[in-house]
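My notebook is open and I want to get to know this structure.

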Amino acid sequence: MKVRSLENESELLAALAGGSERAFEKIYWHYVGRIHPYVLKMVKDELVAEEIVQEIFVQLWEKRALLSSVQHPTSYIFHMASSRTLNYLKKQSNHSRILMNYARLGSELVNATADDFDLKESAAIIEEAVAQLPEQRRLIFEMSRKQGMSNEQIADELSLSRQTVKNQLVHALKFIRSFMEKRQKLFSFAIYFLLTGK
């Protein structure tokens with residue numbers, strides 16, 4: 001962009017403050033070639049830089065009444081450019097952060113929902129398998145896994161040997177695993193925890 005010389009900035013600013021379009025044009029052509037590279041270096045996007053530069057001059061025109069008291073025109077205009085550019089970068093940063101947070105939260109929500117669904121579905125299949133166990137085996141399994149009783153406590157409660165209780169649990173677990181495999185279920189950590197009690 002072409003940069004033209006500016007003879008008397010203070011007079012031009014005073015004229016601009018009074019609404020002179022000619023003064024605005026002269027100031028525009030003097031500064032646009034200096035501000036554009038400055039903004040572009042910060043935003044690293046040609047189209048964005050051009051848009052910001054245009055916004056700067058629109059703001060300069062809209063607030064022209066304040067220019068009569070400006071002592072250092074160059075500093076004032078570059079401060080406008082810096083503020084406008086930093087505001088853009090801040091908004092972009094916040095926008096990116098919000099999008100990232102939504103993406104992260106959305107992913108967590110999907111994963112949590114999927115995990116919750118798998119766990120509930122798996123638990124239902126286990127319950128279905130347990131219901132098909134022989135009565136004594138089902139009772140031993142439920143006392144072990146649902147009530148948290150040890151093999152010794154179950155043996156005492158049912159007047160059985162601890163080895164019998166252990167054998168019944170082994171058979172119960174084998175049946176449940178086989179049942180789930182037939183239903184083409186994959187074993188997750190949660191399922192493994194439910195079946196082994198570990």
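This is a predicted model: local features need pLDDT of at least 70, side-chain atom pairs count only at pLDDT 80 or more; totals for chains, interfaces and linings use all residues.

**Entry: a loop residue.** I started at Lys 44, which I found in the loop between H2 and H3. Helices here are DSSP runs of H or I with at least four residues, strands are E runs of at least two, and both are numbered from the N terminus. Residues are numbered from 1 along each chain as its sequence is written, and side-chain values use heavy atoms, with hydrogens and water left out.

I looked up the backbone of Lys 44 next: its phi is near 55°, a positive value in a residue other than glycine. Is Lys 44 buried or exposed? Lys 44 counts as exposed, because its relative accessibility is 68%. (Buried means under 20% relative accessible area, exposed over 50%, partly exposed in between, with a 1.4 Å probe and protein chains only.)

**Entry: another positive phi.** Ser 159 has phi near 60°, again positive in a residue other than glycine. I found Ser 159 in the loop between helix H6 (151-158) and helix H7 (162-182). Ser 159 is exposed too, with a relative accessible area of 67%.

**Entry: H1 against H2.** I checked how helix H1 (residues 9-17) and helix H2 (residues 21-43) meet: their axes come within 8 Å and cross at roughly 130°. Axes are lines fitted to C-alpha atoms, for helices over the stretch in contact, and angles run from 0 to 180 degrees between N-to-C directions. H1 and H2 are therefore oblique to each other. (Under 35 degrees is roughly parallel, over 145 roughly antiparallel, 65 to 115 roughly perpendicular, and the rest oblique.)

Which residues of H1 meet H2? They are Glu 9, Leu 12, Leu 13, Ala 15 and Leu 16, and on the H2 side I noted Ala 23, Phe 24, Lys 26, Ile 27, His 30 and Tyr 31. Contact means heavy atoms within 4.5 Å.

**Entry: the core.** The largest nonpolar core has 24 residues, and among those with the most contacts inside it are Leu 16, Ile 27 and Ile 56. Such a core is a set of buried Ala, Val, Leu, Ile, Met, Phe, Trp, Tyr and Cys residues joined through side-chain atoms within 4.5 Å. H2 gives the most to this core, with nine residues.

Last, I looked up Ile 56: leaving out residues up to four places away in sequence, Ile 56 touches Ile 35, Val 39, Met 80, Ala 81 and Arg 84.
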